[in-house]
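Below is a briefing on a protein structure, written for someone seeing it for the first time. Please look at the sequence and the structure before reading on.

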Amino acid sequence: MATMADVARSAGVSVATVSHVLNGTRPVLPHTRQAVLDAVEELGYTTNTLARSLVTARTRSIGLAVSAISNPYFTEILQGVEAAALEAGYSLLIADPHDDPGHERKVVQLLHERRVDGMIVAPSADPRELLAYLDRHDVPAVFLDRLVDAPGADGGPRFDQVCADNAEPMSRLVTHLAGLGHRRIGLVAGRPGLSTTSERITGYRTGLAFAGLAWDERLLVHGDSESAGAEQATEALLSLGVPPTALVTGNNAMTIGVLRALSTHGLSVPADIALCCFDDFAWADLFSPRLTAIAQPGRDIGARAVRVLLERLAEPGRAARTVRLPCAFVHRTSCGCTSPSEEGTPS
């Protein structure tokens with residue numbers, strides 16, 4: 001097996017120069033860098049990651065704890081995290097906390113025991129055990145998609161956080177439906193306790209107020225962020241004495257459950273009831289009717305979370321921050337518009 005010294009002899013440089021090229025620790029002249037890379041390729045040299053980690057106390061690995069990895073939205077986030085980590089020379093260890101607070105803490109501990117340099121976590125609705133573990137062990141971490149109310153000593157966020165806008169895009173869906181003449185607009189919201197759920201409920205109520213519509217608590221139901229829960233929640237809405245004429249769903253999994261419930265009742269979208277959803281997904285354009293949706297920048301969120309984490313590793317003492325990325329309003333036909341006037345407009 002080729003060694004770093006073999007690479008240095010082949011390239012006609014010092015071992016230190018080879019190290020700088022491979023680790024990016026110091027600028028190297030382009031022709032020298034290329035000579036080293038050519039020697040690496042010719043000799044088939046591979047870095048001894050374990051040995052390097054013993055010297056640097058870094059494993060160049062990132063832990064990712066995200067529930068519902070099968071969800072298309074989180075799949076996009078995963079792709080963004082993986083691409084950004086690979087580009088920066090980091091490997092990725094992935095675990096699914098299953099949105100269970102106890103399991104979440106165990107998963108984070110497991111990743112920490114694997115000596116990852118830092119973690120990216122989509123926290124559960126009750127992250128107290130998670131926060132306690134991260135604080136106790138001083139683990140560099142970035143919260144993804146879902147925010148956590150954990151103020152730091154300076155009054156700002158205790159941890160770095162990256163997410164999409166939630167309230168304004170949801171408000172836009174509601175005002176869009178109100179503009180089409182709907183006066184009873186129902187919301188199938190996500191799991192209570194999640195910041196995404198509470199922020200989208202805030203947007204829903206803001207949209208109602210902006211449209212001059214009264215708040216009716218019976219029109220807000222929780223689908224627990226899952227298809228089956230959303231199906232049951234939709235049944236409750238349809239059983240009201242005066243059911244809604246339009247629905248907004250809190251995520252893509254719940255949209256499937258809502259559509260299943262409407263089909264069971266023989267209701268057609270949008271002829272019998274209009275539908276808009278938070279979360280676009282690959283096949284939303286293939287439904288009949290095509291789904292009007294808010295599209296979150298999943299890959300960008302994942303990639304940004306990696307960059308924020310690497311900045312934290314490079315500068316541990318800097319103030320934590322919350323980064324929000326804009327969504328896009330994707331105007332199709334499930335809302336009742338026969339000829340949408342805009343497509344993929346930023347929110």
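Which residue just after α9 takes a positive phi? G212 does, with a phi of about 75 degrees.

This is a predicted model, in which local features need pLDDT of at least 70 and side-chain atom pairs count only at pLDDT 80 or more, while totals for chains, interfaces and linings use all residues. Residues are numbered from 1 along each chain as its sequence is written, and side-chain values use heavy atoms, with hydrogens and water left out. Helices (H or I, at least four residues) and strands (E, at least two) are DSSP runs, numbered from the N terminus.

**Helix α9**

- Helix α9 covers residues 195-210, and its end C-alpha atoms lie 22 Å apart.
- That agrees with the 22 Å its 16 residues should span at 1.5 Å a residue (the expected span is 1.5 Å times one less than the number of residues).
- Its buried residues (under 20% relative accessible area, 1.4 Å probe, protein chains only; exposed is over 50% and partly exposed in between) include E199, R200, I201, Y204 and L208.
- The buried residues of α9 pack against α8 (167-179), β6 (185-189), β7 (220-222), β9 (274-278) and β11 (322-325).

**Helix pairs**

- Two packed helices are described by the angle between their axes and the distance between the axes.
- Axes are lines fitted to C-alpha atoms, for helices over the stretch in contact, and angles run from 0 to 180 degrees between N-to-C directions.
- Helix α1 (residues 4-11) packs with helix α3 (residues 30-43) at an angle of about 120 degrees, the axes being 9 Å apart.
- α1 is therefore oblique to α3 (under 35 degrees counts as roughly parallel, over 145 as roughly antiparallel, 65 to 115 as roughly perpendicular and the rest as oblique).
- D6, V7, S10 and A11 of α1 make the contact (heavy atoms within 4.5 Å) with A35, V36, A39, V40, E42 and L43 of α3.
- Helix α6 (residues 101-113) and helix α7 (residues 128-137) have axes that come within 8 Å and cross at roughly 25 degrees.
- This makes α6 roughly parallel to α7.
- On the α6 side the contact is made by G102, E104, R105, V108, Q109 and H112, and on the α7 side by E129, L130, Y133, L134 and H137.

**T255**

- T255 is found in helix α11 (residues 252-264).
- With a relative accessible area of 0%, T255 is buried.
- Leaving aside neighbours within four places in sequence, T255 is in contact with T249, L275, C277 and L291.
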